[in-house]
Amino acid sequence: MIHLTIDTLVTFLMLYIILKHRKEAEKFYSQSRSEWEERQKYEKTLEQRLDNHHVLSKSNKTCFIGVGGGGCNIIQDMAEIDNRHKFIHLNSDSQALQLKTSKHKLLLGFDKKAGLGCGGKAQCGKDLVNDDVKTKLLALTKDEKIVYVVATLGGGVGSGATPEIVEYLKTLNKEIVVFAIMPFTFEGKMKASVAVNSISKIRSSIENVVIIKNDDLILNCNPTSGNREIFKMTSNIIYKRIADGI
Ligand SMILES: Nc1nc2c(ncn2[C@@H]2O[C@H](COP(=O)(O)OP(=O)(O)OP(=O)(O)O)[C@@H](O)[C@H]2O)c(=O)[nH]1
Ligand SMILES: [Mg+2]
């Protein structure tokens, strides 16, 4: 009798151990299955995102146009990390243009400005976009479908020429996105109002205007960074936004 009870106890114990293990195993497998499914899902979206990026960065139909001193600096920074696209520099300042490594450079209004900038006068930047500039732009962008225009506003060339350029590109049926960089507040109200005016003119031709404030860059930068280093951050922010599909 005692023998039977011990046998029964052992059997129960064995059963208990087996069931407990089985439950733990089931729990483990169901957990790892949902983890695995989560991971699969994550990898799929990651793949899609990379695919988008791939398409964008491989597309031969995308180009970048920098307008004015800062706009050209920014696309120069982009060109250093992207060797697939066309980068077109537009400026009336010949010295600034000379420093750019792209082979696509348009010197604006040499007859009027003799290779100098517009000294903050937006009307001057506007007047520089003549028929000759438009013909050259047409040739440079003829194979491009999407055009990203990058302009630092508040000065003369970027603020004045950008609305003219965008209006012209629009007539060529390009998909256009403008990245408009606002001047620092400490540069004064005059520059800010030149920039705001320029934005409203750009918006009368297109809706896709992404505004980035130079002020915001200071908040995130290392106080010991130099100007160029801080400005390089703008270039990275814009490039990342484009790569992420904005
Ligand atoms: N983020 C960034 N902003 C810049 C850079 N260079 C200038 N800026 C800003 O852009 C504003 C306009 O300056 P520029 O782009 O040099 O002006 P511009 O269009 O060449 O016009 P003018 O020099 O007046 O003929 C400045 O007041 C700065 O706030 C740059 O490299 N990066
Ligand atoms: Mg300039």
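**Notebook: leucine 172 and onward**

I looked up leucine 172 first: setting aside neighbours within four places in sequence, leucine 172 is in contact with Leu138 and Thr141 (two residues are in contact if their C-beta atoms, placed from the backbone, lie within 7 Å). I note that this is a predicted model, in which local features need pLDDT of at least 70 and side-chain atom pairs count only at pLDDT 80 or more, while totals for chains, interfaces and linings use all residues. Residues are numbered from 1 along each chain as its sequence is written, and chains are lettered from A and ligands numbered from 1 in the order in which they are written.

**Entry: the loop between H7 and E5**

I placed leucine 172 in the loop between H7 and E5; helices (H or I, at least four residues) and strands (E, at least two) are DSSP runs, numbered from the N terminus. Leucine 172 and leucine 138 are 34 residues apart along the chain, and their C-alpha atoms are separated by 8.0 Å.

I then turned to asparagine 173, which is found in the loop between H7 and E5. Asparagine 173 is exposed because 8 other C-beta atoms lie within 10 Å. Its phi is positive, about 65°, although asparagine 173 is not a glycine.

**Entry: another positive phi**

I looked up alanine 114 for its backbone angle. Its phi is near 50°, a positive value in a residue other than glycine. Alanine 114 sits in the loop between helix H4 (110–113) and helix H5 (122–127), and it counts as exposed because it has 9 C-beta neighbours inside 10 Å.

**Entry: the whole protein**

I counted 10 helices and six strands in the protein. Of its 246 residues, 30% are buried. Among contacts with a separation of 6 or more, 70% join residues 24 or more positions apart.

**Entry: the largest nonpolar core**

Which members of the largest nonpolar core touch the most others? I found that Ile65, Val149 and Val150 do, in a core of 40 residues; such a core is a set of buried Ala, Val, Leu, Ile, Met, Phe, Trp, Tyr and Cys residues joined through C-beta atoms within 7 Å. Strand E5 (residues 175–182) gives the most to this core, with six residues. In soluble globular proteins, nonpolar side chains tend to be buried together.

I listed the contacts of valine 149 beyond four places in sequence: Ile65, Val67, Thr162, Ile165, Val166, Ile176 and Val178.

I followed this list to valine 178, whose place is in strand E5. Valine 178 is buried because 27 other C-beta atoms lie within 10 Å. With neighbours within four places in sequence left aside, valine 178 is in contact with Val149, Ala151, Thr162, Val166, Ile202, Ile206, Asn208 and Val209. From valine 178 to isoleucine 206, I noted a C-alpha to C-alpha distance of 8.7 Å across 28 residues in sequence.

**Entry: the shell around ligand 1**

I looked up the residues that surround ligand 1 and found 23, the closest being Gly68, Gly69, Gly70, Thr152 and Gly155 (a residue is near a molecule if its C-beta atom, placed from the backbone, lies within 6 Å of it). By class, the shell has seven nonpolar, 14 polar and two charged residues; Ala, Val, Leu, Ile, Met, Phe, Trp, Tyr, Cys and Pro count as nonpolar, Asp, Glu, Lys and Arg as charged, and the others, Gly among them, as polar. Helix H2 (68–81), helix H7 (157–171) and helix H10 (227–243) each supply at least two residues of the shell. H2 provides the largest share, five residues.

**Entry: H2 against H10**

I looked up how H2 packs on H10: the angle is about 65° and the axes are 9 Å apart (axes are lines fitted to C-alpha atoms over the stretch in contact, and angles run from 0 to 180 degrees between N-to-C directions). On the H2 side, the contact is made by Asn73, Ile74, Asp77, Met78 and Ile81; on the H10 side, by Phe231, Lys232, Thr234, Ser235, Ile238 and Tyr239. These comprise six nonpolar, three polar and two charged residues.

Methionine 78 is partly exposed because 19 other C-beta atoms lie within 10 Å. Leaving aside neighbours within four places in sequence, methionine 78 is in contact with Phe64, Phe87, Ser235 and Tyr239. Methionine 78 and asparagine 236 are 158 residues apart along the chain, with their C-alpha atoms separated by 7.3 Å.

Key
A residue is buried if 20 or more other C-beta atoms lie within 10 Å of its own, exposed if 12 or fewer, and partly exposed in between; C-beta atoms are placed from the backbone.
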